[in-house]
Structures are given as structure tokens and as C-alpha cells.
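Subject: Structure handover

Hello,

I am passing a structure on to you.

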Protein chains: 2
Amino acid sequence: METRELRYFVAVAEELHFGRAADRLGIAQPPLSRTIAQLEHRLGVALLTRTSRKVSLTEAGALLLAEGRAILGAVAAAERRTRTVDRPSLVLAAKAGGSSELLAKLLDAYAAEPGAVAVDLLLCEAHTRQPLLDGRADVAILHEPYDSTAGLDVEPLRTESQFAILPTSHPLAGAARLRMADVIDLPELARWPEPDGTYLPGPGVEVHNLTQLFQMIALGRAVAVMPEVVRTGLLEGLAAVPVVDAPKVTTVIAWPPHSRSRAVADLVRVAMGFS
Amino acid sequence: METRELRYFVAVAEELHFGRAADRLGIAQPPLSRTIAQLEHRLGVALLTRTSRKVSLTEAGALLLAEGRAILGAVAAAERRTRTVDRPSLVLAAKAGGSSELLAKLLDAYAAEPGAVAVDLLLCEAHTRQPLLDGRADVAILHEPYDSTAGLDVEPLRTESQFAILPTSHPLAGAARLRMADVIDLPELARWPEPDGTYLPGPGVEVHNLTQLFQMIALGRAVAVMPEVVRTGLLEGLAAVPVVDAPKVTTVIAWPPHSRSRAVADLVRVAMGFS
DNA sequence: GGCAGCGATACCCCGCCGGTATCGATACCT
DNA sequence: AGGTATCGATACCGGCGGGGTATCGCTGCC
């Protein structure tokens with residue numbers, strides 16, 4: 001299997017439309033059809049079921065889509081890291097608006113290390129995992145169980161309990177503490193995008209970063225359950241109420257396996273030092 | 001980057017010899033040289049330094065070798081899993097001679113599950129991780145910290161302390177307990193192969209499976225430090241002495257990320273049930 | 001029934017992969 | 001020092017296959 005075939009297949013599997021996929025790939029539709037057919041023939045499995053009106057994934061296709069995305073990410077990562085191995089620098093991915101105080105401490109402590117290299121910050125709206133997988137970042141701060149750590153090496157940094165973030169006008173805002181049962185069915189519970197950028201159907205506003213979320217909450221349009229850190233610098237008009245039985249959130253530092261970089265190892269060691 | 005280029009590069013990087021690599025790949029040497037040169041040109045980095053007598057890896061080359069191996073493994077795995085998605089079956093990799101009683105319990109318990117599929121056992125001499133990475137197995141039992149779990153999803157099953165395995169004739173065999181300092185410098189300490197199958201230089205016999213190791217110990221040619229499990233069914237003439245400060249060994253069940261198979265999920269759940 | 005949208009098929013062209021022949025450099029041997 | 005063997009690079013050529021255009025066949029919809 002060549003990466004070209006994988007790129008083509010992933011494009012079709014995501015678009016579920018040969019024409020659009022060919023467009024996205026910058027090639028014509030016939031060679032795309034042919035390449036997919038060849039791939040299916042060589043694998044001996046149907047990846048797509050096509051009528052002339054609709055394309056859909058078979059079970060095998062769904063599997064290959066998941067694995068293919070991961071492989072293409074790994075290839076992109078390998079390429080990027082190989083290219084930049086001579087100019088040692090470190091890209092740290094973190095959530096914008098997240099635990100900035102932890103981040104500041106970490107960057108300061110690392111900068112004081114002997115042999116520290118320049119650290120670039122990649123602030124993501126959400127899903128700090130993706131840039132790690134495709135090589136845009138070398139290390140990431142992420143939050144279990146919100147972020148999946150599949151396929152990454154991880155060290156936990158700290159664990160926090162969660163709070164419901166509500167407008168002060170909300171009926172539950174006065175409570176001393178809440179339970180998940182109180183909030184889980186709230187129609188205003190905000191929805192975050194899936195890793196692929198789409199939203200699961202359901203009630204609640206769609207948000208994609210913290211600023212937006214806080215605004216929505218302040219406007220009374222949303223509520224959310226979040227780890228403790230976000231309480232620092234909470235907007236006027238928002239209340240944080242502990243949710244006693246919410247799953248604990250663990251802030252972890254994560255990096256791709258096979259990372260041989262001394263800089264990554266140093267940064268991780270420093271981070272573990274004050275966990 | 002195409003997988004063809006990666007295959008070619010990995011071959012050269014492993015052989016450190018264009019002629020032999022071309023041989024192994026079943027192509028002639030000139031196109032191989034050309035492909036590597038093109039790859040280097042496109043990446044903008046030298047991967048290999050070559051004199052007409054010696055080929056060696058640059059830092060970038062070493063990085064790409066590690067990443068390339070992982071990618072090629074992932075591609076092989078994706079291919080194999082996609083091909084066999086229609087015939088549900090499960091391949092479980094485990095160390096031959098290892099914790100057979102845990103294994104038996106696990107297989108029995110899983111077989112009793114509703115919707116259980118046939119489980120094939122892949123018994124490895126060592127390094128159960130590799131078959132997982134290249135798709136020959138779907139799940140593996142491995143032992144931290146001996147086996148690296150980088151890039152895998154993992155659930156711990158149980159933790160054990162370690163024992164020195166000695167011939168009864170050995171001066172230390174009579175001790176009630178030992179410390180790592182007592183054994184770490186023993187010239188008879190057996191050496192296991194690295195993941196690539198080579199041995200690090202040093203004293204001590206080279207072994208590649210448990211049977212062989214035990215024979216060597218019985219013959220007075222080797223000693224080893226191993227987790228508790230191997231005590232069951234220890235040969236006549238061998239002694240197991242606890243090493244109090246040896247790192248604990250954790251038996252874990254591991255599977256590749258993106259594994260969507262229900263069978264894998266069931267097996268893991270069963271395994272966690274009696275951890 | 002006509003039409004529009006979409007994937008498959010037919011056919012052609014050229015780029016690139018792989019082959020053979022050969023060169024140039026280097027270490028080794030006498 | 002000269003000869004030689006080894007090994008990677010270069011030169012050149014032929015064929016396969018990837019990508020293009022034109023068109024077909026099917027399907028759902030006015």
C-alpha cells in the first residue's frame with residue numbers, strides 16, 4: 001500500500017463523493033476511481049459501496065479510514081521532524097485559555113535548564129492531540145478524559161475535580177455543590193466538536209473555544225462542566241459550582257512515541273518535577 | 001513521502017550498504033541510490049553520509065529510520081486488519097513460557113462471553129510488542145518495564161516483584177533476599193536481544209527465550225532477574241531469590257490505538273475483570 | 001420521458017521506475 | 001607505488017502505470 005493510495009482513499013472516504021474528493025486532491029475523477037478500485041482489488045475487500053447516487057463505507061473501509069488517517073499523520077510527522085532535526089526547537093501544543101499558569105511555570109522552569117532550546121507555543125482551540133500526531137508539535141498538554149491519549153506516551157501532571165460553569169442568573173448557580181445528574185440533561189449544555197471537526201447532534205450550542213463558551217454562558221445560552229483551572233480569570237457574571245461526582249480531569253504532558261529528542265525528554269522531566 | 005521510498009530508505013539504513021539493501025529489496029542498486037538521493041533532496045536533509053567505502057546515518061537519518069519502521073509497521077498492520085475485517089478472529093500475542101496460568105484464565109473467561117470469537121495464540125520468544133505493531137496480532141500480553149508500550153493502548157493487569165534465578169550451586173543462591181547491587185554486575189547476567197534482534201555488547205550469555213535461559217542457568221552459565229510468575233514450574237536445580245529493590249514488573253494487556261474491534265474490547269474488559 | 005448528477009470505462013500520453021553499462025573514488029595488497 | 005577489488009554515482013534506455021479527456025450507463029427527480 002502506497003501513501004498515495006491511502007491519501008486518495010481517505011479523501012474519498014471523508015467526502016463520500018468521488019468528484020469532490022478528486023477536486024480536493026487536485027486530480028481528475030477517473031484516475032481516482034481506478035486507484036480505489038485497484039486498492040480494493042489488491043486488498044481483496046470492498047472498501048466502499050457505490051450506487052450512482054451514493055457512496056458509503058463498508059466495515060473494512062471504516063477501519064482503513066481510521067488507520068489511514070493515523071498513518072498519513074505519522075508520515076507527515078516523520079517528514080516534518082526529519083526536516084527540522086538540525087534546527088533544534090520545540091513546539092508545545094496547549095489549549096488556548098487553558099491552564100496558562102501551569103504553562104508559564106513549565107516554560108520558565110525549562111528555560112532555566114542547561115541546554116534548553118527555544119520553545120514555540122502552538123495554541124489550539126481544542127484537540128491538542130492532532131498537531132502531535134501530524135508532527136506540527138513535539139509535545140502537548142492535554143486533559144484526560146477529554147482528550148484521547150491513544151498512541152501517545154504520557155506522563156500525568158496533576159488531577160483536578162470539575163466545576164459547573166453557569167451564568168449567575170441560572171437557577172443552579174446558587175447551589176453549594178451539584179451532581180452530574182443535575183447538569184447532564186440540561187438543554188444548554190455546550191457541545192464541543194469531535195476530533196474531525198463535526199458536532200454530534202443534540203441540544204446545546206456548538207462551541208469551539210473557551211472564549212466563545214464563556215460568552216455563551218454569560219449570555220445565558222450555555223452551561224458547561226470544566227476542570228478547576230478555568231476558574232482563574234472567570235468572567236463577571238459567571239459562577240463555578242463544584243460537581244462532586246464528575247470524573248476527575250488529569251492534565252498530562254504527552255509526546256509521540258519514538259521521540260528521541262533530548263529537548264522533549266528534558267521538558268517532560270521538568271514538567272514531572274513539579275507535578 | 002511514499003511508502004516505497006520509506007521501504008527503500010529503511011533497507012539502506014539497516015544494511016548501511018546500498019548493494020545489500022538493493023538485493024534485499026529485489027531491485028538493482030542504481031535505482032535505489034537514485035531514490036534515496038531524491039528523498040534527501042525533497043526533504044532538504046542528508047539522511048546518509050557515504051564515502052565509497054562506508055555508509056552511515058546522519059541524525060536526521062536515524063530519526064527517519066525509527067519513524068519509518070513504525071510507519072511501515074502501521075501500514076502492514078492496517079493492510080492485514082483491513083483484509084481480515086470480515087472474518088472476525090483475534091490473535092493474542094504472549095511470551096512463550098510466560099504467565100501461562102493467567103493466559104489460560106483469560107482465554108477461558110473470554111470464551112464464556114456472549115459473542116466471543118475464536119482466539120488464536122501467537123507465542124513469541126520475546127518482544128510481543130512487534131507483532132502488535134505490524135498487525136500480526138490484535139492484542140498482546142506484555143510486561144513493563146521490559147517491553148515498551150510506546151504507541152499502544154494499555155491496561156495493567158497485575159504487578160509483581162522480581163526474583164533472581166540462579167543455579168542452586170551459585171554462591172548467592174542461599175541468600176534469603178538480594179539487592180540489585182548484588183546481581184547487576186554479575187558477569188553471568190543473561191543478555192536479551194534488542195527489538196531489532198541484535199545484542200548489546202557485554203559479558204553474559206545471549207539468550208532469546210525462557211527455555212534456553214533456564215538451561216543456561218541450570219548449567220551454571222547464566223543468571224537472570226525475572227518476575228515472580230516464572231517460579232511456577234521452575235526446573236530442578238534452579239533457585240529463585242527475591243530481589244527486594246528490583247523494579248516491579250507490571251503485566252499489561254495492550255492493543256493498537258484505533259482498534260475498533262468489539263472482540264478486542266471484550267477481551268480487554270474480561271482481562272480487567274480479574275486484575 | 002427528459003434531464004442532471006455521478007461513478008465507471010475507454011483510450012492516449014508522458015513521466016518515472018527499474019534495468020544495464022560504466023565511471024570515479026577509496027582502501028587494501030603486494 | 002601501482003594494481004585491484006569494492007562500492008556508490010552517473011548515463012542512458014525501455015516499459016509500465018499514473019493522470020488526462022471523452023464518453024457511457026445508471027439512477028433519482030422534475
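The notes below cover how to read the model, an annotated domain, a sheet, and some backbone details.

This is a predicted model, in which local features need pLDDT of at least 70 and side-chain atom pairs count only at pLDDT 80 or more, while totals for chains, interfaces and linings use all residues. Residues are numbered from 1 along each chain as its sequence is written, and chains are lettered from A and ligands numbered from 1 in the order in which they are written.

An unreviewed UniProt entry lists residues 1-58 of chain A as "domain: HTH lysR-type". UniProt positions follow the numbering used here, feature names are shortened, and annotations may be inferred rather than shown by experiment. In the model this span is 62% helix and 10% strand, and its end C-alpha atoms lie 19 Å apart. Helices (H or I, at least four residues) and strands (E, at least two) are DSSP runs, numbered from the N terminus.

The sheet in chain B. Three strands of chain B form an open, antiparallel sheet in the order 8-7-9. Two strands pair if DSSP finds at least two bridges between them. Strand 8 (224-227) and strand 9 (238-242) of chain B are at the edges with a single partner strand each, so one side of each has no neighbour in the sheet. From one strand to the next, the twist averages 35°. Strand 7 (residues 162-167) of chain B is joined to strand 8 of chain B by four bridges. Across that pairing, B:Ala164 stands opposite B:Val225.

Helix 8 (residues 210-218) of chain B lies across strands 7, 8 and 9 of chain B, at about 50° to strand 7. Axes are lines fitted to C-alpha atoms, for helices over the stretch in contact, and angles run from 0 to 180 degrees between N-to-C directions. Two residues are in contact if their C-beta atoms, placed from the backbone, lie within 7 Å.

The backbone. In chain A, a cis peptide bond with omega of about 0° joins A:Glu144 and A:Pro145. A:Pro145 sits in the loop between strand 5 (139-144) and strand 6 (153-160) of chain A. In chain B, the bond from B:Glu144 to B:Pro145 is cis, with omega near 0°.

A:Leu16 is not a glycine, yet it has a positive phi of about 50°. A:Leu16 lies in the loop between helix 1 (3-15) and helix 2 (18-25) of chain A.

Regards
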